[in-house]
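Have a look at the sequence and structure, then read on.

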Amino acid sequence: MNMQDYLYPGERLDDLQRNGYKIIQNPEKFCFGMDAVLLSSFAKLEHCKRVLDMGTGTGILPILLSAKTDTEFFEAIEIQEESADMARRSVACNHLEDRIHITTGSLVNASALFGNHSFDAVVTNPPYMNDKHGLKNPELPKAIARHEVLCTLEDVIRESAAVLKPKKSLYMVHRPFRLAEIFRTLEKYRLEPKRMCLVHPYLHKEPNMVLIEAVKDGRPRITIEPPIIVYESPGVYTRQLLEIYGY
């Protein structure tokens with residue numbers, strides 16, 4: 001089957017520059033961003049047999065992570081059937097059906113769907129904004145991806161804690177302005193922050209992303225990693241970012 005045969009009208013096939021893998025995207029709907037790429041490099045999945053991606057969208061995280069790690073199996077859950085279908089076609093296009101499975105469903109029910117203590121790690125790039133933060137996109141697929149329309153930060157953290165085995169890690173990318181809320185909620189569900197990295201668009205600009213690793217029932221101690229600076233100047237990536245991308 002030709003790779004182009006996996007595409008529907010309005011979709012395109014993007015090269016991920018990893019293992020020859022491609023991903024199907026529709027620019028009129030929602031395309032993955034740098035946050036997913038940074039999270040895929042931040043997550044340490046050595047010796048992880050089963051990993052869950054909470055809110056996979058079009059499947060970018062499990063596809064990237066399957067190229068970067070030796071993880072045996074990725075389960076990915078996505079509530080929007082259109083995105084889940086696109087993710088399944090990307091998985092098939094890359095012949096990764098034995099390593100990645102896409103489930104259509106709400107991450108709010110993750111522990112009921114997959115069982116407690118069933119994963120060695122969880123990765124998530126959840127909606128960043130709640131009702132108090134900015135205007136919702138009028139297009140529902142984008143609003144669901146960016147705003148807490150169908151799930152909340154607490155839903156993500158609660159279900160992550162439930163499905164994780166003891167002493168295993170949640171890896172999350174989010175916005176720094178919600179850090180206090182993130183830490184409070186992690187503590188509520190016995191997830192101990194262990195690593196944190198702030199991402200700055202430019203050297204002298206405030207951070208606009210934060211990468212966090214939290215360990216279920218971990219001991220209190222957090223490492224603040226050196227910050228990631230994205231751009232040297234408009235449109236010019238830093239050497240640091242190019243190395244993260246693998247160039």
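Predicted model: local features only at pLDDT ≥ 70, side-chain atom pairs only at ≥ 80, totals over all residues.

## Around I102

Leaving aside residues up to four places away in sequence, I102 touches T56, E75, A76, A84, A87, R88 and V91, where a contact means heavy atoms within 4.5 Å. You'll find I102 in strand β5 (residues 100-104); helices (H or I, at least four residues) and strands (E, at least two) are DSSP runs, numbered from the N terminus. With a relative accessibility of 4%, I102 counts as buried. The scale here is relative accessible area: buried is under 20%, exposed is over 50%, and partly exposed is in between (1.4 Å probe, protein chains only). I102 and D53 are 49 residues apart in sequence, yet 9.4 Å apart in space, C-alpha to C-alpha.

Residues are numbered from 1 along each chain as its sequence is written, and side-chain values use heavy atoms, with hydrogens and water left out. The predictor's confidence in each residue is its pLDDT, from 0 to 100. The chain averages a pLDDT of 91, and 89% of its residues reach 70 or more. Residues 133-138 are where to be careful: pLDDT stays under 50 there, and the model has 12 contacts beyond four places in sequence for this stretch.

## The chain as a whole

The chain has eight helices and 13 strands. Of its 247 residues, 52% count as buried. Take the contacts between residues at least 6 apart in sequence: 70% of them join residues at least 24 apart.

In α1, eight of the nine residues are buried, namely M34, D35, A36, V37, L38, L39, S40 and F42. Helix α6 (residues 153-163) has nine of its 11 residues buried. The buried ones in α6 are L153, D155, V156, I157, E159, S160, A161, A162 and V163.

What about the loop between α1 (34-42) and β3 (50-54)? E46 is found there, and E46 is exposed, with a relative accessible area of 54%. The C-alpha atoms of E46 and T71 are separated by 7.2 Å, although these residues are 25 residues apart along the chain.

## Nonpolar cores

A nonpolar core is a set of buried Ala, Val, Leu, Ile, Met, Phe, Trp, Tyr and Cys residues joined through side-chain atoms within 4.5 Å. The largest one has 39 residues, and L38, L45, Y171, L211 and I228 touch the most other members. Apart from this core lies another, of 25 residues, among them F119, A161, M172 and A214. Back in the largest core, which includes L45, the contacts of L45 are with V51, L65, T69, D70, T71, F74, A121 and Y171, not counting residues up to four places away in sequence.

## Aromatic rings

A pair of aromatic rings is described by the distance of the centres and the angle of the planes. Rings of Phe, Tyr and Trp (its six-membered ring) pair if their centres lie within 6.5 Å; planes under 30 degrees apart count as stacked, over 60 as edge-to-face and the rest as tilted. Searching the whole structure turns up five aromatic pairs. Here are two of them.

| Pair | Centre distance | Plane angle | Type |
|---|---|---|---|
| Y202 and Y231 | 5.6 Å | 35° | tilted |
| Y231 and Y237 | 5.3 Å | 20° | stacked |

Y202 lies in the loop between β8 (191-200) and β9 (209-216), while Y231 is in strand β12 (residues 231-233), so their pair ties together parts that are 29 residues apart in sequence. Y202, Y231, Y237 and Y245 form one aromatic cluster. How buried or exposed are these tyrosines? Y202 is partly exposed, at a relative accessible area of 27%. Y231 is partly exposed as well, at 25%, and Y237 is partly exposed at 32%.

Two arginines also sit over rings. A charge counts as doing this if NZ of Lys or CZ of Arg is within 6 Å of the ring centre and within 35 degrees of the ring normal. R89 lies over the face of Y8, at 3.6 Å from the ring centre. The charged end of R195 is over the ring of F42, 3.9 Å from its centre.

## Cysteines

If you were wondering about disulfides, the rule is a pair of cysteine sulfur atoms within 2.5 Å, and the count comes to zero. C31 counts as partly exposed, at 24% relative accessibility, whereas C151 counts as buried, at 10%.
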